[in-house]
Structure formats: structure tokens, C-alpha cells
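Below are some notes for a colleague who is opening this model for the first time. They are set out as numbered points and can be read next to the structure.

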4 protein chains.
Amino acid sequence: MRNDADSLIAEYDAVRRYTVALSEPLSDEDCCVQSMPDASPVKWHLAHTTWFFETFILERFEPGFRPFHPMFRVLFNSYYNGIGEKHPRPQRGMLTRPSLDEVRAYRRNVDERVGRLLPRLMRSEMSGMLRELVELGLQHEQQHQELILTDLKHLLSLNPLAPSYAQRLLEPSGRVSPLTWQHFDAALIEIGHAGGAFCFDNETPRHREFVERFSLASRLVTNGEFLAFVEDGGYDKPALWLSEGWDWVRANQLAHPMYWRPDASGWNEFTLHGLQPLDPERPATHISYFEADAYARWAGARLPTEAEWERAAAGIAMIPETNAPHPSAASAMSGSGLTQLFGAVWQWTSSSYAPYPGYITAAGAIGEYNGKFMVNQYVLRGSSCVTPPKHARITYRNFFPASARWQFTGIRLAKS
Amino acid sequence: MRNDADSLIAEYDAVRRYTVALSEPLSDEDCCVQSMPDASPVKWHLAHTTWFFETFILERFEPGFRPFHPMFRVLFNSYYNGIGEKHPRPQRGMLTRPSLDEVRAYRRNVDERVGRLLPRLMRSEMSGMLRELVELGLQHEQQHQELILTDLKHLLSLNPLAPSYAQRLLEPSGRVSPLTWQHFDAALIEIGHAGGAFCFDNETPRHREFVERFSLASRLVTNGEFLAFVEDGGYDKPALWLSEGWDWVRANQLAHPMYWRPDASGWNEFTLHGLQPLDPERPATHISYFEADAYARWAGARLPTEAEWERAAAGIAMIPETNAPHPSAASAMSGSGLTQLFGAVWQWTSSSYAPYPGYITAAGAIGEYNGKFMVNQYVLRGSSCVTPPKHARITYRNFFPASARWQFTGIRLAKS
Amino acid sequence: MRNDADSLIAEYDAVRRYTVALSEPLSDEDCCVQSMPDASPVKWHLAHTTWFFETFILERFEPGFRPFHPMFRVLFNSYYNGIGEKHPRPQRGMLTRPSLDEVRAYRRNVDERVGRLLPRLMRSEMSGMLRELVELGLQHEQQHQELILTDLKHLLSLNPLAPSYAQRLLEPSGRVSPLTWQHFDAALIEIGHAGGAFCFDNETPRHREFVERFSLASRLVTNGEFLAFVEDGGYDKPALWLSEGWDWVRANQLAHPMYWRPDASGWNEFTLHGLQPLDPERPATHISYFEADAYARWAGARLPTEAEWERAAAGIAMIPETNAPHPSAASAMSGSGLTQLFGAVWQWTSSSYAPYPGYITAAGAIGEYNGKFMVNQYVLRGSSCVTPPKHARITYRNFFPASARWQFTGIRLAKS
Amino acid sequence: MRNDADSLIAEYDAVRRYTVALSEPLSDEDCCVQSMPDASPVKWHLAHTTWFFETFILERFEPGFRPFHPMFRVLFNSYYNGIGEKHPRPQRGMLTRPSLDEVRAYRRNVDERVGRLLPRLMRSEMSGMLRELVELGLQHEQQHQELILTDLKHLLSLNPLAPSYAQRLLEPSGRVSPLTWQHFDAALIEIGHAGGAFCFDNETPRHREFVERFSLASRLVTNGEFLAFVEDGGYDKPALWLSEGWDWVRANQLAHPMYWRPDASGWNEFTLHGLQPLDPERPATHISYFEADAYARWAGARLPTEAEWERAAAGIAMIPETNAPHPSAASAMSGSGLTQLFGAVWQWTSSSYAPYPGYITAAGAIGEYNGKFMVNQYVLRGSSCVTPPKHARITYRNFFPASARWQFTGIRLAKS
């Protein structure tokens with residue numbers, strides 16, 4: 001991102017348009033319904049990302065600020081206690097009003113006001129703080145772009161009609177290369193963001209960690225490999241599971257990944273392209289931490305730590321720009337390099353989500369962005385097929401609870 | 001209803017059109033969302049009532065029958081195990097597909113096919129059975145017309161914007177007459193439907209019951225009267241409540257009727273006209289059996305039995321045709337007659353919903369209509385402001401669990 | 001019970017001693033544990049029945065009354081809000097203190113004080129009220145004598161060692177007579193207690209009911225008959241069940257009565273004699289209302305109303321005094337009379353537990369004895385094998401929720 | 001522990017006797033009841049620790065082994081899926097049989113057989129493996145010795161009589177020294193057990209970690225200090241809490257530590273000495289991770305990592321042998337040393353419980369001891385007042401979920 005107002009405005013416009021574009025194949029009804037408390041309606045995402053700019057940009061910087069609608073301050077606050085009251089998360093799907101059209105009007109109104117405000121303020125002494133907040137708002141919106149598709153996928157999956165979001169059919173993949181191992185020696189390394197461009201606060205400070213020697217798998221675990229685990233009775237063997245994972249398997253009577261659907265003809269997978277035959281070469285996805293950990297144990301391996309992952313990824317020259325509603329199989333590789341670090345599925349690490357040494361949260365409501373979630377969650381690294389362009393980073397720390405399955409999450413193995 | 005095909009078809013058209021008319025002020029989003037497992041989306045009501053005709057009329061009588069959509073058989077089956085699989089009730093709100101437009105097309109398709117079928121079949125030897133099924137389907141649809149409005153009201157009530165369904169504002173009511181008591185001597189009476197016109201099977205057979213002497217209140221309990229109970233600490237005194245009712249009050253931390261909303265200026269009530277000041281003269285509504293019973297005890301009275309209610313109503317010459325989104329205050333009366341038996345709010349009786357002596361359910365899936373619900377529910381008599389025209393009967397037995405509050409339900413007192 | 005002090009004291013001593021005798025085969029541990037919120041520990045029953053006399057007799061009539069222990073007022077109050085605070089019902093099993101010995105000392109202390117009080121007061125003008133309260137206390141204690149055994153049975157049933165309470169083994173029964181039907185014509189009858197001896201308030205007032213013609217089965221449904229229902233897939237056919245009953249069957253994955261235990265050799269039944277082969281001639285017991293209703297539907301019959309049951313029982317000359325830890329098979333009969341009305345298992349009626357016309361509760365805490373439970377429960381008539389001697393009456397109204405199974409409850413069929 | 005049979009047997013006898021001694025002040029009832037699914041009855045602890053020796057020693061090494069009772073294999077298996085069926089954890093309190101006397105007989109029987117087996121086998125080639133298993137069994141039993149007291153404390157706390165386990169009263173403490181900070185520079189250190197004596201597998205392998213510079217508090221947080229947090233509204237300020245912690249506070253309506261009891265005269269604390277006035281100088285205990293983290297944030301500090309804690313403790317010459325039912329205040333210190341590392345309360349670290357690099361679980365059921373619990377738990381370091389003598393180690397890793405409060409857990413602060 002260039003350091004002047006024009007580039008910031010261009011970036012703002014691009015990100016904001018992309019969000020609306022994601023919702024365009026959908027009906028008003030598709031955008032309104034909430035499928036579970038963890039997921040939000042598309043309309044809510046459209047409004048909340050707008051609320052973010054209204055609250056943290058317009059309310060602070062616009063002279064004579066008046067909110068678009070006084071109740072939207074409450075309705076579209078996600079979790080910022082510092083801002084005030086919030087509509088309860090499990091009730092987000094009850095909001096048939098405002099309508100989708102009204103939310104789109106809300107977006108346009110805020111965009112126009114931000115568009116008028118930015119050129120003027122970027123010439124003032126507040127330009128630094130303003131740019132930081134706009135960049136944060138855009139990165140925040142990109143996170144919600146990914147959630148729009150994963151939350152929608154969960155909603156559509158509950159419909160016996162198995163509707164599709166993307167028209168195009170999935171093509172069968174060619175055979176992927178055998179999994180190989182890349183070795184790393186013990187070393188005192190540095191991980192975390194070094195500054196100079198945007199990052200979330202949870203990626204800082206850059207600091208030293210000592211990493212013992214380890215090996216990392218060259219590619220992700222495929223559907224075909226995970227199917228072997230299923231067919232070997234993986235979901236019936238307590239010895240393969242963490243104790244809490246085993247309780248979760250039993251309580252939910254699980255026997256396969258979330259979107260796999262067995263029928264008389266074999267295994268299918270629900271995708272954003274509708275119900276498709278399970279492609280053995282594509283990466284296993286919508287895998288929980290519990291399942292990833294059990295698979296790794298079955299395979300005689302383990303999950304990497306986030307320091308191991310970041311160390312291995314540090315050699316990557318460029319993050320590929322992929323964007324598709326379903327992850328692709330690993331492409332053929334020359335040599336022993338690592339593939340699928342980005343753009344396929346997020347990769348569970350064995351690292352609990354915790355503050356880096358010396359981590360400090362920002363003052364005020366913005367400080368609620370990351371720090372307060374640092375308990376009982378596990379870090380995922382890389383990015384997924386639905387992570388928007390330019391959003392991924394080597395130091396990026398995604399995080400979800402160990403039982404979460406509705407994100408594009410999968411498995412990269414490691415060994416000591 | 002006249003006994004020939006023309007009148008049946010006219011009736012069919014009128015009832016079916018009325019359902020669609022009820023949904024017209026609503027957006028696609030309003031029609032899609034389910035607010036709780038007990039309530040269904042408006043779109044689901046539109047489809048299920050159509051499914052009823054498709055399943056019980058077209059499938060039985062239409063030569064070469066093919067369903068409009070094979071999955072609709074499952075999606076829009078409510079509770080008929082005899083028909084086959086059902087989409088789970090708490091998941092009705094997940095169906096963003098089929099769209100509202102597709103459901104309207106489904107309605108038109110079934111209506112056209114029924115319209116072609118009826119004239120021909122009404123001349124056949126099947127005309128008797130057919131007429132009974134059509135009448136049942138229409139009465140069934142009228143029940144869902146009432147539910148459309150009560151379920152929608154519940155949904156809108158969860159929205160902090162307090163949206164309104166009806167544009168018109170509510171007018172304050174004039175003072176109602178003081179409550180008086182009408183006396184009845186002990187007698188062996190007959191209750192239940194005597195035949196000759198449509199009734200549900202639960203109203204049969206007409207049979208004898210002995211009723212001891214009692215008195216019945218001339219009108220319903222008003223908001224003002226119920227407010228006196230609230231202000232006297234009625235929700236804090238266990239001695240006024242059934243034991244299970246008291247547990248329910250405590251577990252849900254209740255202090256007033258469901259749609260009452262206190263604010264700094266006093267009491268308001270959420271209505272289909274939006275949030276309105278509480279009108280002390282209108283009948284208290286959205287009252288559970290537990291609340292009705294506690295109020296009656298506080299007032300030194302009790303709820304009537306359904307035999308008492310039916311005995312008192314038996315003298316009614318004509319059932320008034322009222323239809324409004326909110327119940328009106330009792331109109332001034334001449335003499336000591338009973339008012340508000342119909343058209344304001346359903347009246348809880350102390351009678352558990354049970355089969356009449358000699359009651360027999362129909363064979364097959366139609367037999368699931370009523371009988372299987374005859375446990376742990378209480379009978380309500382009369383009708384409400386949103387009961388559709390021509391649907392009420394003196395022998396009508398409505399029923400809900402003791403904690404249900406989202407229907408237009410209120411209190412008529414009795415005394416021994 | 002004779003009307004003078006001596007007989008009252010003798011009665012008091014006999015009932016109080018019988019309670020202690022029931023607990024004698026048990027260890028301190030057996031007496032302390034609570035197996036579910038609906039059941040209470042034996043020690044709690046021993047204390048609560050004593051609390052009843054301390055609270056309603058000593059506290060009112062003993063000069064200079066001081067409680068045995070101030071906290072016992074709270075710990076052993078069951079549900080009398082009028083008396084004050086109560087220890088929460090699900091926490092009764094947490095009371096390892098006071099010890100069983102201390103509770104026995106509490107019993108002796110209260111018994112001595114009541115023993116000193118009664119002779120003096122029975123000569124005063126308070127003798128009438130006092131006798132009523134003592135009689136109520138003794139009948140109350142007899143109710144808890146039955147609960148001691150049913151609650152204990154539930155506790156022991158949860159132990160994989162299948163411990164027995166009674167040493168003696170069960171003998172196989174001889175074949176019972178075929179079930180026959182006794183017919184009754186329609187009639188206006190009187191039911192309820194006529195006065196002149198003790199009854200609970202819920203048996204009053206005696207009043208008129210009109211009963212249509214019906215037939216009543218000559219004996220109870222046997223294990224063998226119920227087994228035929230099980231083997232016919234009775235628990236898999238929704239058409240046989242009330243809707244709420246079917247949900248209950250599915251949610252709890254039920255396939256047979258509560259204490260039946262299938263093993264490789266066939267069906268066994270957990271009893272107070274330990275695990276025993278299922279005796280096909282003894283009455284089916286520990287049957288819920290839902291199961292009783294489903295069985296009756298499967299058998300082409302129905303459950304009787306309580307008015308029907310009481311009418312049929314009215315001809316009984318004498319209630320047999322049986323007392324055993326498990327119900328016996330019906331004995332051979334001469335003629336077409338009714339057997340097993342008393343002393344085997346309580347018989348579910350289809351009557352919801354409701355106040356009789358004109359029913360009035362007592363003032364004060366004693367008024368909480370019955371009335372506040374008159375919702376969502378069903379009346380059972382007769383008595384069971386563990387109902388203590390002299391406790392049964394033709395007008396007795398027992399009541400439990402439709403899903404309750406831990407009492408000795410079974411099925412007598414009726415037909416219209 | 002010396003390396004010959006005599007010392008092993010002496011150690012065995014001492015540990016086994018100590019367990020029984022802990023139960024001696026208790027009644028059969030106290031030993032039988034389970035207060036919550038997380039806690040077990042004392043009787044169950046007595047039996048399970050015996051089951052451990054029967055299963056892992058006698059069954060493997062005793063010629064002609066026959067179990068004391070075949071069902072005990074199931075009843076007293078805690079969580080070893082590799083051994084077979086387990087009695088469900090929440091049902092441990094239902095086992096009024098076997099009696100406490102029978103469990104004591106079980107202990108004596110196993111002790112005698114182990115006593116006969118050890119001298120002979122310790123001369124065989126199996127002596128190494130045997131000693132390891134016996135040592136594991138004794139350390140396992142010591143863990144249950146601590147749980148016996150914490151689980152019992154929870155049970156007694158639910159009794160409104162506030163019974164005491166220890167007769168002696170608590171003396172008020174003298175003023176503790178002001179909290180000071182001990183500083184440590186950044187360093188690459190080694191943590192984990194170095195071998196040469198017993199440790200649990202989760203303490204291995206010893207490995208390198210890089211630790212940035214930090215400071216550690218000289219003593220634990222006191223009741224008086226935690227009370228200042230309470231009185232400053234600490235439980236009402238979401239900004240102080242992790243998001244999940246805040247949800248936990250609200251859902252459970254918490255306003256102070258678990259065993260604190262406010263009354264008109266001020267703050268009391270339930271202890272194993274009964275209800276006592278809150279002593280401001282003793283360490284705050286029964287604090288959850290959520291509370292510890294919120295307190296630290298309020299105090300402008302943080303919790304230490306386990307590497308920081310172990311680094312700071314590494315300088316400790318000797319672990320003090322304290323053993324009391326309630327933690328003492330910090331004693332006066334010379335210089336700037338660290339006190340209360342052991343023998344007062346376990347200290348929450350910010351480290352999620354995870355395998356050390358290169359950690360390998362044992363084969364078979366013994367491998368279920370630790371590894372399968374390494375998710376969603378936090379490591380505690382040090383030991384508590386009820387940790388038995390000789391059980392604590394500098395490398396010891398205790399672990400509990402973030403909401404657990406019934407252990408003796410408290411707070412030592414750290415700063416970056």
C-alpha cells in the first residue's frame with residue numbers, strides 16, 4: 001500500500017467493492033439467516049464492517065458526526081464492550097429489518113462520507129493515525145470476506161437441497177506428488193512481524209524462540225489420505241484422540257469430516273459448488289484441531305508448532321494469489337520445496353493462541369481486537385482458498401477453538 | 001359452506017388468497033426467519049398448507065400425480081409420521097431455498113391442479129370424501145393463517161427496532177364496564193359438536209357432562225387489572241402460583257407479560273402495530289396458563305372448565321366477525337350478557353386437553369391431526385383477534401402447553 | 001383410628017417405628033446418597049417426616065418451643081414456601097452431615113416431645129385441630145415410607161453390582177387367568193371422599209360426575225403381555241405414541257421398561273430382591289404414562305378415567321393388606337370380579353390431576369400440600385405393593401408426570 | 001527413594017498408610033458422596049488407587065492372578081480406555097456398595113499381595129520395570145491424596161452447616177512483607193526433568209527454550225490484595241477479562257472467589273477448618289485461571305510462563321515440607337528471594353498444557369496417564385498446602401482447565 005491518500009482511497013474502494021461483490025449471487029433470504037451462534041448472516045457482515053468505519057473513523061474524525069441510524073451502533077457492534085451495548089450474537093439472524101437494501105444504503109452512505117473525509121484529513125497531522133485505522137478497517141473487512149463464504153457455506157449445508165453458491169462445476173484433480181519431508185536443524189530464530197507494513201497486533205513483537213530440529217511435510221494431507229484414516233476406524237479408536245476430542249467425537253457421534261456425505265455410491269463432499277464426489281487429491285478441509293491431531297497420531301507424525309511453521313515459511317519468496325470457493329490439489333513441484341502453505345486451507349498448529357513475549361494491547365476499544373481471545377484456542381497458519389487477495393502474511397496468526405470445523409482448515413504434518 | 005362444487009371452489013379460492021394476502025406486507029427476509037422452535041417462518045406456513053393439499057388431495061386423486069418437487073414432500077411435512085421423513089422443526093428457518101418466489105409458484109401450481117380436479121371429482125362417487133378433505137385442508141390453512149401472525153409477531157418482537165406489521169396506529173380505548181358475574185345452575189349438559197357441518201375430530205363425540213353450579217365473568221381481564229396484579233408483586237409471591245409455574249417464573253426471571261416493556265415513562269406493549277403505550281382497557285394478552293391461573297388465584301377466582309365455558313357460550317346467537325392485529329376493549333353491553341367470547345383473545349380453561357368419551361381418531365396420517373397431542377396441554381376456548389373469519393365455533397378446542405405465551409391468549413374468570 | 005388420645009398415640013408410635021424399620025437393612029451410605037433430583041435420600045426422608053411434626057405440631061403447640069437444630073428448619077423443608085427457606089431439592093444428597101445417627105436422635109427427640117404433648121393437649125379444646133394435624137403427619141409419613149423404597153430402588157439400580165434390599169428370592173408365579181372385561185352402564189355418580197375419616201384435601205369435595213358406559217379389565221397387564229408389545233416393535237412405531245411420548249422415547253433411546261435388562265439368556269428385571277428373571281405373570285411395573293398409553297393403543301383399548309376407576313372400585317368390600325417389595329401376580333378369581341385394584345401397582349388413569357369442583361386449599365403452609373401440583377401430572381389410582389398398611393383408600397388420588405417411571409406404576413385397561 | 005526392595009516396600013507402606021490416615025476423620029457418608037462430576041468420592045479415591053496397583057502390578061506379575069472382585073475392574077477404572085470399560089465418572093457417587101469397609105478390605109488384600117510379590121520380584125530381571133511401575137503407582141496415589149482433600153472440601157462447602165475436617169482453628173497471620181520483584185535477563189535455558197529420579201513423562205524431555213527478560217513477584221497475591229480487586233469492581237469490568245472468562249463470570253454471576261462468603265460482619269472464607277474470617281495476609285486461593293489473569297491485568301502485571309517459573313525456581317536449594325489443610329501467609333524474608341514457590345498454593349502460568357519438544361508417550365494403557373489431556377488446560381507450577389510430603393518437584397507440571405476453582409490454586413505475578 002502506497003503512503004498517500006490516493007492509494008489509500010483506491011485500496012478502500014477495492015476492498016469495499018469486493019465485499020459487495022461476494023454477496024451478489026445471493027438472495028435477500030440467503031443474506032439474512034444465521035445458521036449457528038458461531039456464524040453470522042451475510043447481511044450482518046455487510047453492516048458490521050461498515051459499522052467499523054463509522055465507529056472508528058467517522059465518529060472520531062467527521063465534524064458534526066451523526067450516526068446513520070442510532071440503533072445500528074448496537075445492532076452491528078460485534079464484541080467491543082468499550083463501545084457500549086451489543087445485540088446478542090446468537091440473535092443476529094433475527095434482524096429481518098433493516099432490509100438488505102437498507103444495509104446497502106448504509107454502506108454507500110458511510111463510503112461517501114469516508115470518501116469526503118479521507119483526502120482532507122490525509123493532509124492533516126492526523127494522517128498517520130487515520131491511515132492506521134483505515135488499514136485496520138480494511139484488513140478487518142477482509143477477514144469478514146472470508147467469513148462471509150464460510151458462514152454461508154455452513155448455512156447452505158443445512159439445506160437438504162444442497163444449494164450451490166458457485167455455478168461452475170469442480171473438475172477432478174490429477175494425482176498429487178507423494179508427501180516428502182523437509183528437514184530443519186535446531187536454531188534460535190526470530191518470529192513475529194518486523195514492522196514496515198500492516199500487521200495485526202497479535203503478530204508483534206518480533207522476538208526470539210529456540211526451535212529444536214524437526215521436519216515438515218511438503219504438502220497438505222489429502223482427502224484420499226484422510227479417507228484411509230476413516231476407513232481404518234480412526235473415529236472408533238480412543239487411543240488416537242485427545243481425551244476431550246474423544247468426548248467430542250462420542251457426544252456428536254462423528255465418523256467423518258463435517259461436509260463429507262456418504263451415500264450408496266460412495267463419498268461425496270458438500271462444497272460451495274454444491275454436492276460433489278469426494279476428490280481424493282484435494283486437501284482434506286473443514287477438519288477440527290481434534291481431528292487433525294488424531295490423524296497426525298495415526299500417521300505417526302504430529303502437528304507443527306507455529307514457530308516451526310513460520311520458520312519453514314520464512315524462505316517463501318512470494319505468496320501466491322489464489323481465490324476460489326474450494327481448495328485445489330497440490331500442483332506438481334520441482335525439488336523438495338514446500339507447497340500449499342497459502343491459498344488452499346489454513347493449517348492447524350499445536351500452539352495455543354497466546355501473547356508473544358512483550359505483547360501489548362492498544363488502549364481503548366481497538367485493544368479488544370485480538371488480546372481478549374487468547375485462551376483455549378489454537379493457532380492456524382497460512383491462508384485458505386477463500387482468503388481474499390493481499391490479505392495473507394507469513395507472520396499471520398489465525399485462531400479457532402479445537403472443535404471448530406466450519407472454516408477451511410486442514411492438516412500439514414510435522415515430525416521431531 | 002354449500003354442498004356443491006362451485007361453493008367449495010369459491011371457498012378454496014377465498015381461503016388460499018387470504019393466506020397470501022397476509023404475507024403481502026412482508027419482505028422475503030421477514031418470511032424466511034424462524035424465531036424459535038415453536039414458531040415457523042411465514043414462507044414455511046405458505047408451503048406447508050400447500051403441501052397439505054398436494055399430499056392429501058392431489059396425491060390421492062390426481063391421475064398420474066407427480067409432486068411439484070420431490071424434496072418438498074420432506075421439507076414441508078410438519079408432523080405426519082405416516083407420510084414419511086420430515087425436515088426437523090427447529091431447522092425450518094434454515095431453508096433460504098426454495099425462495100419465497102418459488103414457494104408462491106408452488107402455491108399457484110397446486111391451486112391450478114386442485115382447480116382442475118375439483119369440478120370433475122365432485123361429480124364422482126368420491127365427492128363426499130373429497131369434500132371432507134378439502135374442508136379439512138381449508139380449516140387447517142385457517143389455523144396457519146392465525147399462526148402466521150403470531151409467529152411473525154414473535155419474530156418482530158426480537159428486533160430492537162420494534163418493527164410494525166400494520167401501518168395504522170392503535171387508538172386509546174374508552175373505559176370498559178365493570179366486570180360482572182353470570183350465574184349457572186348445576187346441570188347435566190351436552191357438549192361437543194353435533195354434526196351437520198365441519199368440525200375437527202377432537203370436538204366429537206357430543207356427549208354428556210355434569211356441571212356443578214358456577215359463575216362466569218362477563219368480560220375478559222384487562223391490561224389495567226393485570227397491571228394491578230403486577231404492581232401488587234404478583235410475580236414475587238409463590239403462594240399465588242402452581243409449583244411448576246413458580247419454577248418457570250424463577251428460571252426465566254419473569255416480572256410481567258411477554259410483550260410488556262417498561263421504560264422510564266411507564267408501560268408499553270409490543271404489538272403488530274409496533275411498540276404502543278399499554279392500553280389499560282384492552283384485554284391482557286400473551287398470557288400463559290401459569291400466569292392466568294396465578295392471576296385468578298390472586299383475584300379470588302379460578303379459570304373455567306371447558307364444559308363450563310361451552311355451556312355459557314351455548315346461548316350465543318351469532319359469532320361476531322372481527323379481524324384485527326390487536327384485540328379491542330370490551331364494548332359497552334346492555335344487560336348482564338357475556339362479551340368477548342370470540343374475536344379478542346383465546347381463553348384458558350382449567351381443562352387438560354383430553355379425548356372426549358368415545359373419541360376415535362381417523363385411520364392413516366390424517367389421524368395424526370389432533371389425537372397425539374392430547375397430553376400436557378390445556379384447552380383454550382373462543383377465538384382471537386387474528387382468528388380468520390368463519391373459523392370460530394362454540395365447540396372449538398384450541399390447546400397449548402401451560403407455559404406458551406406467544407399466542408393471543410388471555411383470561412376469563414370463573415367462580416364456584 | 002379411634003377418637004381418643006391413646007389410639008392416636010399408638011398409631012403415631014406404629015407409623016414412626018415402621019419408617020425406621022424400613023431403613024434398618026441399609027448402611028449409612030445407602031441412606032445418604034441421592035440418585036436423581038426427583039428422588040431423595042432415605043436419611044432425608046427420615047428427617048423430613050420428623051421436621052413435619054416438629055414444624056406443624058411442636059412449633060405450634062409446645063410451650064417454650066425451641067427447634068432441635070435451627071438449620072434443620074431449612075435443610076428438611078421440602079417445598080413449603082410458607083415456612084421459609086428450603087435447601088435446594090437436587091442438593092439433598094450433599095448432606096453427609098447431620099449423620100444418620102444424628103437424624104435418628106432427631107427422630108427420638110421429636111417423638112419424645114410429641115409423646116409428652118399429645119396426652120395433655122388431647123384433653124384441651126385444641127384436640128380437634130391437633131388430631132387432624134397428627135393424622136395428616138402420619139399419612140404424610142406413610143407416603144414417604146413408599147418413597148423410601150422407590151427412591152432406594154432407583155439408587156440401587158444405578159449400581160452395576162445390582163444390590164438387593166430384600167434377602168428372600170422371588171418365586172416364579174403360576175399362570176394368571178385370562179383378562180376379562182367388566183361392564184358398567186352410563187350413570188351420574190358421586191366420587192370423592194364423603195368425610196367421617198381421614199382423607200387428603202385433593203379427594204374433596206365429593207361431587208357428581210356423569211360417566212358414559214365403559215368396560216374395565218379384570219386384572220393388570222402382565223410382564224408377558226407387555227413383552228409382546230416390546231417384541232412387536234412397540235417402541236419403534238410412532239403411530240402408537242402420544243407425540244410428546246414419542247419424542248421422549250427417541251431422546252432417551254428407550255426400548256423397554258425402566259428396570260428390564262436384556263442379556264444373552266433373555267429378559268431380567270432389577271427388583272428390590274436384586275436382578276431376577278422377568279416373571280411373565282407378574283404385573284408390568286415402572287411403566288410411565290406414555291408407555292401405558294402406547295400399550296393401551298396397541299392393545300386396542302385405552303386407560304380408564306379416574307371417575308371410571310373409582311366407580312368400579314366402589315363395590316370393593318375391603319382393601320387387602322399386602323406389603324412386599326415386589327408386586328405379585330393376580331390370584332385366581334371366582335367369577336368376573338376385579339382383582340389387583342390395590343396392593344400390586346398404581347394404575348395410570350387418563351385424568352389430568354386437577355381440582356374437584358369446589359375444591360378449596362387450606363390456609364397457610366398446609367395448603368401447599370396438594371393444590372399447587374395440579375398441573376401437567378396424571379392421576380394414578382389404587383395402591384402398590386410398597387404402599388404401607390392402612391394407607392390405601394378407594395378415593396385416593398396419587399399423581400406423577402407422564403414420564404415418571406421410578407414408582408410402582410402399571411396398567412389397567414379400559415374400553416368405551 | 002533408595003534403589004533396593006526394602007526401601008521400595010517402606011515407601012509403599014508409608015504412602016498407602018497416609019491415604020488411609022487422611023480418610024480417618026471422616027464418616028462413611030462423607031466418603032461416599034460425589035459433589036460434582038469433576039470431583040470423586042473419598043471412597044472412590046481409596047479404591048481407584050488400589051485398582052492401579054492391582055491392574056498394573058498384580059495382574060502383570062502375580063502368578064495365577066485373580067482379581068479381588070471382577071466388577072472392581074470396571075467400577076474403579078478412571079480413564080484408561082486401554083484397560084476396558086469404565087463406570088461413568090458422574091456416577092461415582094452412586095456406589096453405596098461396595099461399602100467403605102469392603103473398600104478397606106480391598107486395600108488390605110492388594111497391599112498384602114503386593115507385599116508378598118515385591119521382595120521376590122525385585123530380585124528378578126523384571127526389577128527395573130517393576131520399580132518404575134510401583135513408583136508411578138505411589139506418585140499417582142499421592143496425586144489422589146491431594147484430590148481427596150480438595151474434593152472433600154468441595155463437598156463440605158455445599159453443606160449449609162459448613163462442617164470442618166480439621167479440628168484446630170486458624171490463627172490470624174502477621175503482616176506479610178511488601179511484594180518485590182526479582183529480575184532475570186534473557187537467556188537460552190534448559191527446562192524439563194534431567195533424569196536420575198522419578199518424574200512423570202510430561203516433564204520430559206529436558207530441552208532448550210529461549211526466555212526473554214522478565215521479573216517475578218517475590219510472593220503470592222494475598223487475600224487482602226485480591227479483596228482490593230473485588231472492591232474496585234473487578235468482577236464488573238469486561239476490559240479486565242479474557243472474553244471467555246467474562247462470559248464465564250456473567251453466566252455464573254460471580255463476584256468473588258469460590259469459597260469467600262460475605263455476611264453482615266464482612267468477608268469469611270470456607271476452609272477445611274470450617275467457616276473462618278477472611279485472613280488478609282494468607283494467599284488468595286481457589287482462584288481460576290480466568291480470575292488470576294484478570295487480577296494480573298488489573299494489577300498491571302501478567303502471569304508467568306512455565307519456562308519463566310522453572311527458571312526462577314531452579315535456584316531453590318530445597319523444597320520445604322509443609323502440610324496443612326489451609327495455606328499459610330508468606331514468612332518474613334531476608335533479601336530479595338522468592339517465597340511460597342511450594343507448599344502454599346499452585347501457581348497458574350500462562351502456558352497452555354502441551355507436549356515438550358520430542359515428548360513420547362509410553363506404550364499401552366500407561367501411556368494414557370498424561371498425554372491425552374494436553375489440550376485446553378493451563379499449567380500450574382509449585383505445589384500446595386495439601387500436596388503430600390516428597391511429592392513436589394521443580395519440574396512438576398500440574399494442569400487444570402481455565403475455569404477450575406476447587407483446587408488450591410493462586411497467583412504469582414510476572415512482568416516483562
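1. Contact of chains A and D. The contact takes 26 residues from chain A and 26 residues from chain D, where two residues are in contact if their C-beta atoms, placed from the backbone, lie within 7 Å. On the side of chain A that touches chain D, the elements that give two or more residues are strand S3 (207-211), helix H8 (243-251) and strand S8 (346-352) of chain A. S3(A) gives the most, with four residues. Helices (H or I, at least four residues) and strands (E, at least two) are DSSP runs, numbered from the N terminus. By class, this side of chain A has twelve nonpolar, nine polar and five charged residues. Ala, Val, Leu, Ile, Met, Phe, Trp, Tyr, Cys and Pro count as nonpolar, Asp, Glu, Lys and Arg as charged, and the others, Gly among them, as polar.

2. Basis of the model. This is a predicted model, in which local features need pLDDT of at least 70 and side-chain atom pairs count only at pLDDT 80 or more, while totals for chains, interfaces and linings use all residues. Residues are numbered from 1 along each chain as its sequence is written, and chains are lettered from A and ligands numbered from 1 in the order in which they are written.

3. Relation of the copies. The same surface serves both copies, since 100% of the contact residues of chain A recur in chain D. Chain B is superposed on chain A by a rotation of 180° with 0.1 Å of shift along its axis (RMSD 0.0 Å). These two copies are thus related as by a two-fold rotation axis. Glu29(B) is the residue of chain B that comes closest to the rotation axis, at 2.5 Å (C-alpha). Here too the same surface serves both copies: 100% of the contact residues of chain B recur in chain A.

4. Domains of chain A. Chain A is divided into domain 1 (5-157) and domain 2 (181-415), with bounds that come from an automatic or database domain assignment. Their centres, taken over C-alpha atoms, are separated by 28 Å. In chain A, 19 residues of domain 1 are in contact with 17 residues of domain 2. Helix H6 (residues 127-157) of chain A supplies the largest share of the domain 1 side, ten residues. That side has seven nonpolar, eight polar and four charged residues.

5. Helix packing in chain A. Helix H3 (residues 42-61) of chain A and H6(A) pack at an angle of about 170°, with their axes 9 Å apart. Axes are lines fitted to C-alpha atoms, for helices over the stretch in contact, and angles run from 0 to 180 degrees between N-to-C directions. H3(A) and H6(A) are therefore roughly antiparallel to each other, a term used for angles over 145 degrees. Among the residues that meet are Phe52(A), Phe53(A) and Phe56(A) in H3(A) and Leu130(A), Leu133(A) and Val134(A) in H6(A). The residues of this contact divide into twelve nonpolar, six polar and one charged.

6. A sheet in chain B. An open sheet of three strands has the order S5-S6-S7 (chain B), with antiparallel pairing; two strands pair if DSSP finds at least two bridges between them. Strand S5 (260-263) and strand S7 (274-277) of chain B are the edge strands, each pairing on one side only. S5(B) and strand S6 (residues 266-271) of chain B pair over four bridges, and Arg261(B) stands opposite Asn268(B) in S6(B).

Definitions and conventions. Least-squares fit on C-alpha atoms with pLDDT ≥ 70 in both. Parallel < 35°, antiparallel > 145°, perpendicular 65-115°, else oblique.
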